[in-house]
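Subject: Structure for you to look at

Hello,

Here is the structure I said I would pass on.

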Amino acid sequence: QVQLVDSGGGLVQPGGSLRLSCTASGSITSINTMGWYRQAPGKQRELVAVLTSGGSTKYGDSAKGRFLISRANVKNTVYLQMNLLEPEDTAVYYCNADLLLSGSYDYSNYWGQGTQVTVSS
């Protein structure tokens, strides 16, 4: 059983910071990419940030310069440090990963359950 558990969301004032974490567990042989997407009410899900196994990063336009994705010292865990948060950042944030499972030959894509981030005064 493979799980992506994302956490760290909450209510924060404009200009504040939050750190999200995502941990993948199960019979995982390899991780190709691991990152975050978000979906605000009435909007499509969009890329926030992705980290590859080689250490490359890709950020959505809204995240550039304010958010930082990094690999944690804890196995199969990534962090998303979000700074200078704005009301427009309010959304459900979903962890996403391409995982190679034990006994499999191809990577499969998985989603976390989502964590709510609300930016409001």
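Asp-89 and Arg-66 form a salt bridge, with the closest N and O atoms 2.7 Å apart. The pair links distant parts of the chain: Asp-89 lies in the loop between E8 and strand E9 (91–101), and Arg-66 in the loop between strand E6 (57–59) and E7, 23 residues apart. Both Asp-89 and Arg-66 are buried. Through shared partners, salt bridges join Arg-38, Glu-46, Arg-66 and Asp-89 into one network. Please keep in mind that this is a predicted model.

Arg-38 has 6% relative accessibility, so it counts as buried, the limit being under 20%. Glu-46, at 34%, counts as partly exposed.

The side chains of Lys-64 and Asp-61 also meet in a salt bridge, at 3.2 Å from N to O. Here Asp-61 is exposed, with a relative accessible area of 65%. The count of salt bridges comes to 4.

On to the strands. An open sheet is formed by 4 strands in the order E1-E3-E8-E7, with antiparallel pairing. Strand E1 (3–7) and strand E7 (67–71) each have a single partner strand, so one side of each is left without a neighbour in the sheet. On average, neighbouring strands of this sheet are turned by 15° against each other, direction ignored.

Inside the sheet, strand E3 (residues 18–25) is joined to strand E8 (residues 77–82) by 6 bridges, and the two run antiparallel. Cys-22 has Val-78 as its bridge partner in E8.

Regards

Technical notes
Residues numbered from 1 in each chain as written. Predicted model: local features only at pLDDT ≥ 70, side-chain atom pairs only at ≥ 80, totals over all residues. Heavy atoms only, no water. Pairing = 2+ DSSP bridges. Axes fitted to C-alpha atoms, helices over the stretch in contact; angles between N-to-C directions. Buried < 20%, exposed > 50% of the residue type's maximum accessible area, 1.4 Å probe, protein only.
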